[in-house]
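Here's a friendly walk through one part of a protein model. Have a look at the picture first, and then we'll get into it.

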Amino acid sequence: MLDVLDQSLRSTLPPILKDRSKWDSLIVNRRKPHTYRVFTTLPDGNRICLHRFNPCDTHEAFQHPHPWPGAFMVMEGAYKMTVKLAKDRQDHNPAPVMNVILRKWSGYEITEPMTFHGVIPLAVTHTVMINAEPWPADVAHEAVRRTGGKDLDRMPEEELLAHLELFQRLVEEYGQGAVRETL
């Protein structure tokens, strides 16, 4: 999925970032880190999310599995990430795998449905996430949580526009070779 994210950052995303009508937003502030998400569905069917994470303490970070395979790129800032692996769909005490510090232009993918991770932003951090279709219900971990239908707030229009402008700059910087030619 990292190659799909790289291709989206280099070609698909730049023109879409300029079209406000394509984007929606959510403020996920019922757990930490507080997350400001602007998202759209790309022409290939993948969803792309532009995140801003506010710092939080390690013990506050929400450990979670994702409902779909995805790739992630730190565009600005840094975070510590804890990674754990569940034995099966019902394992709610996943085994620690690693802790890592991710900085600008660090990327990774999650392609195993039993992977849990927790993000601990060390500063205000901006990331891009791309995800494919969800895993079937009998494959995804039973602890998967989704934001849809939770009556979350949306960003005020001015904040959403500023978010898109920031990501236009970061994506342009990425495309100008701030990162190695291919992932």
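In which sense do E5 and strand E10 pair, and over how many bridges? They run antiparallel, with 6 bridges between E5 and E10 (residues 125–131); strands here are DSSP runs of at least two residues, numbered from the N terminus, and two of them pair if DSSP finds at least two bridges between them.

Before going on: this is a predicted model, where local features need pLDDT of at least 70, side-chain atom pairs count only at pLDDT 80 or more, and totals for chains, interfaces and linings use all residues. Residues are numbered from 1 along each chain as its sequence is written, and side-chain values use heavy atoms, leaving out hydrogens and water.

E5 also pairs with strand E8 (residues 107–110), again in the antiparallel sense, over 4 bridges. Here are two bridge partners:

| Residue | Bridge partner |
|---|---|
| Phe-72 | Tyr-108 in E8 |
| Val-74 | Thr-127 in E10 |

Strand E5 (residues 70–76) has 6 of its 7 residues buried, so the rest of the structure largely encloses it. Buried means under 20% relative accessible area, exposed over 50%, and partly exposed in between (1.4 Å probe, protein chains only). Phe-72 counts as buried at 6%, and so does Tyr-108 at 11%.

There are 3 aromatic pairs in the structure. In one of them, the ring centres of Phe-72 and Tyr-108 are 4.7 Å apart with planes at 10°, so the pair is stacked (centres within 6.5 Å make a pair; planes under 30 degrees apart are stacked, over 60 edge-to-face, the rest tilted). Phe-72 belongs to E5 and Tyr-108 to E8, so this pair ties together parts 36 residues apart in sequence.

Conventions: Phe/Tyr/Trp six-rings, centres within 6.5 Å; stacked < 30°, edge-to-face > 60°.
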